[in-house]
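Subject: Handover of a structure and findings

Dear colleague,

Please find below the sequence and the structure that I am passing on to you. A summary of what was found follows directly after them.

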Amino acid sequence: MAASRLMTFAEKIIKPCNPTPLSLGRYNLCLIDQFLPPKYIPIAAFYPFPSKKPEQISNNLEKSLSRVLSPYYPFAGRLRDNTFVDCNDRGAKFMNVQYDCPMYEVINLFDTGPEYLPFPKDVKPWTRMQDEDDLLVIQLSHFNCGGLAISASLSHKVADGCTLCNLLSDWAAIARDQNAKIPSPQMIGSSIFPPSTDIHTNSVVDDIDNQSLGRKRLVFSNAKLNLLKAQVASETGVQNPTRIEVLSALIYKCAATAARANSSCFKPSVLAQMVNLRPIFDPPLPTRAIGNIFSMIPVATASEDEMTIARVVRELRKAKGKLKNEDYMKENKLVSFISNQPSMANEIELYISSSVCNYPFNNLDFGWGKPSRVTIPPIGRGNTFLLMDNQSGDGIEYMRFGGRGNVASIFLIITVHEANVGRRIVEKCQHSIHDKIHEETEMARIGVMIEHGRLRDDTFVDCNDRGAKFMNVRYDCPMSEVVNLPDTGPKYLPFSKDVKPWTRTQDEDGLLVIQLSHFNCGGLAISARLWHKVADGCTLCNLFSDWAAIARDHNAKIPSPQMIGSSIFPPSTDIHTDSVVDEIDNQSLCRKRLVFSNSKLKLLKAQVASETGVQNPTRLEVLSALIYKCASTAARANSSSFKPSVLVQIVNLRPIFDPPLPTRTIGNIFSMIPVATASEDEMTIARVVCELRKATEELKNEDHVKENKLVSLFSNQPSMANEIELYKSSSFCNYPLNNLDFGWGRPSRVIVVPPIGLGNIFFLMDNQSGDGIEAIVSLPENNVPEFENSKELLEFADLN
């Protein structure tokens with residue numbers, strides 16, 4: 001994809017800033033170096049919107065790379081006959097390229113191969129290299145959205161993951177500060193594992209088989225890993241099992257079980273767990289010891305009865321204890337494993353688990369902040385697991401490379417189906433909506449339409465059991481083409497063509513439309529469009545949660561929905577469909593997805609509290625104020641004068657009533673809080689939060705609630721259009737959408753689709769890992785570049 005859209009290309013050779021002394025002209029490989037196939041270890045770090053110009057970035061990276069190559073001088077040399085590196089200062093290759101595509105086309109396609117990643121065409125990740133090839137290749141990739149990626153390909157002949165991390169960390173430190181003092185790397189590998197004179201390049205086994213693979217990315221939160229650790233500890237007696245031990249065992253078991261399902265008989269297998277030996281030596285080796293200082297722990301499983309997480313963890317711990325024996329360590333099992341791998345291929349299934357957890361790859365700051373994503377491309381062999389800390393630091397990200405037939409995943413997409421909001425009366429349905437959805441789950445396979453009502457003259461719902469539409473479709477594309485394109489419109493999402501999200505509906509249209517979408521990768525999506533005439537976000541969440549509960553257990557008892565909306569907000573007889581304002585104007589828009597971690601939001605909350613005196617400002621208050629300010633500032637940059645604006649914060653009224661209304665109250669039980677900004681001086685996060693808090697307190701006045709400001713807003717919106725800029729913030733935070741389990745686990749992603757043609761709107765919801773908030777921001781296209789480059793926004797946001 002990206003490779004076919006290459007615009008410009010430049011290549012340089014970067015030499016060490018200081019010549020390598022003749023006394024250091026030969027760097028001997030160690031035994032493990034010799035046994036490893038000559039291939040590149042690849043890694044790429046993505047940066048959304050660096051504050052420096054491309055020319056400054058390139059010059060700085062080239063100079064700092066030259067400086068870091070002096071202490072890491074072997075990486076500027078050339079390999080000789082699988083025996084040593086000729087440290088001749090030939091240099092490292094530095095490539096500077098420009099792509100005519102946005103960064104998200106690369107960063108979010110985790111199910112695809114390395115051809116989509118920003119690595120040079122002639123230096124593909126994990127491919128075999130020749131003696132005269134560069135040991136280190138860097139590519140700086142610029143994207144048309146302003147983002148950039150830095151990829152590094154380092155020869156596995158001279159480095160493992162720890163060495164690569166040291167090199168990049170030191171390079172980043174020098175890029176931030178040209179006078180930085182970095183620890184000296186220790187060239188001691190050959191003294192620990194003395195080399196052999198009998199191994200040559202042609203005899204080294206290449207484990208890349210380029211089979212047809214499926215690649216899957218999963219995230220395991222630390223909270224879930226702690227539960228798994230506690231479970232394993234109670235079953236095995238192993239003291240403090242590590243995250244890596246329990247996760248490797250879990251993935252190994254699940255992958256082997258999946259393979260067994262596609263086979264006529266059980267095949268014995270071995271889990272090979274790669275282990276960094278530096279901290280295991282007694283005394284420990286320096287972390288700066290460069291080279292391949294690692295071994296492996298094998299755990300064999302001869303029968304299905306032995307395939308338990310508890311046993312695998314116990315065997316991993318036992319084998320790790322043996323590694324502390326020095327003789328055992330020097331007789332490295334990795335060497336024996338690589339030598340015997342070809343003969344084992346037909347006898348056993350081999351699973352390899354490798355971890356770069358606790359390596360600070362996610363902290364690589366070259367002077368413009370930490371990366372929004374760090375990725376390691378897949379190895380061209382199956383049954384390989386790569387574990388690394390996720391971006392927020394609260395869990396582990398797992399990439400699996402396995403046979404396509406053994407892999408599947410799910411995600412969920414939810415939107416509210418728009419009909420223009422006016423006064424409504426929702427009569428109690430003749431049959432329980434939840435019972436009907438239960439029937440729908442049972443009967444969807446044969447295309448039965450489950451009955452629901454129809455709207456009548458914008459006044460009531462005729463509960464005539466006409467039905468909800470259920471669509472079952474199959475797409476000839478992988479799910480990744482849909483789930484990870486946050487900047488695109490709903491046409492890319494699995495919604496039916498005749499019922500687009502947020503489009504106007506007629507009285508005879510169904511109030512609820514469900515689509516079950518199957519993708520060719522094995523994943524699926526469940527999308528729902530529920531008419532806004534009868535439901536808000538809270539109602540939609542209740543409906544879905546109850547449906548999921550019944551899908552899991554058809555005997556589940558669920559709370560009854562409360563049909564009391566019309567008693568709280570009595571309807572009017574003077575409002576008809578034709579008089580309701582349609583707010584969709586179909587302007588040219590761009591949608592952006594941002595993630596704000598809870599740690600960053602805590603900093604923002606503390607900052608606001610100290611400036612305002614507001615007690616415990618909420619995440620939603622500070623985040624709505626931040627996005628509002630940055631969006632308004634971006635609009636001001638494209639205008640000749642400041643235009644007054646209003647932030648409209650949508651508020652669920654159920655918990656605000658005294659006493660609170662039941663959470664199962666269905667309908668549109670919400671209002672809005674308006675915060676007006678008349679001048680640029682007033683546009684501060686602190687003032688907006690103060691006004692939001694003040695207006696929230698006023699909502700607790702019963703008369704004020706019944707005189708709903710939302711009605712006034714809709715009535716006056718057309719006359720305000722030329723006078724003010726209107727910004728709307730709506731939140732799905734604390735709604736359990738990410739927990740919707742229909743019987744096959746929680747979704748890997750939940751999306752609320754922004755309204756078509758409506759700009760200056762923000763949707764906030766808990767992110768998938770539960771450690772922050774995801775914001776979908778829809779803005780006029782001309783305002784997006786300025787918005788994305790806002791320093792205040794980038795201080796707290798991860799543009800993903």
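The buried residues of helix H8 are Ile309, Ala310, Arg311, Val312, Val313, Leu316 and Ala319. Here, buried means under 20% relative accessible area, exposed means over 50%, and partly exposed lies in between (1.4 Å probe, protein chains only). Helices (H or I, at least four residues) and strands (E, at least two) are DSSP runs, numbered from the N terminus. The cover over these buried residues includes helix H6 (222-236), H7, strand E10 (269-276) and E11. H8 itself has 14 residues and spans 20 Å from its first C-alpha to its last, close to the 20 Å expected at 1.5 Å a residue; the expected span is 1.5 Å times one less than the number of residues.

Please note that this is a predicted model, in which local features need pLDDT of at least 70 and side-chain atom pairs count only at pLDDT 80 or more, while totals for chains, interfaces and linings use all residues. Residues are numbered from 1 along each chain as its sequence is written, and side-chain values use heavy atoms, with hydrogens and water left out.

Pro42 has Ser153 in E8 as its bridge partner. E7 also runs antiparallel to E8, joined by seven bridges, and Ile138 stands opposite Ala152. The hairpin of E7 and E8 has four residues between the strands, and Gly146 takes a positive phi near 105° there.

Nonpolar cores

The largest nonpolar core has 55 residues, and those with the most contacts inside it are Ile150, Trp171, Phe361 and Phe366. Such a core is a set of buried Ala, Val, Leu, Ile, Met, Phe, Trp, Tyr and Cys residues joined through side-chain atoms within 4.5 Å. Its largest share, nine residues, comes from H4. Leaving aside residues up to four places away in sequence, Phe366 touches Tyr47, Asn60, Leu61, Ile150, Leu168, Trp171, Ala172, Ala175 and Arg176, a contact being heavy atoms within 4.5 Å. Apart from this core lies another, of 50 residues, among them Tyr252, Val275, Phe294 and Ala319.

Salt bridges

A search of the whole structure finds 22 salt bridges, each a side-chain nitrogen of Lys or Arg within 4 Å of a carboxyl oxygen of Asp or Glu. Glu304 and Arg260 form one of them, with their closest N and O atoms 3.6 Å apart. Glu304 lies in the loop between strand E11 (294-301) and helix H8 (309-322), and Arg260 in helix H7 (residues 243-261), 44 residues apart. Glu304 is partly exposed, at 47% relative accessible area, and Arg260 is partly exposed at 26%.

Glu792 and Lys629 meet in another salt bridge (2.8 Å, N to O). Glu792 lies in helix H21 (residues 791-796) and Lys629 in helix H16, so the pair ties together parts 163 residues apart in sequence. Finally, Glu11, Arg78, Lys93 and Asp134 are linked in a network of salt bridges.

Yours sincerely

Methods
Two strands pair if DSSP finds at least two bridges between them.
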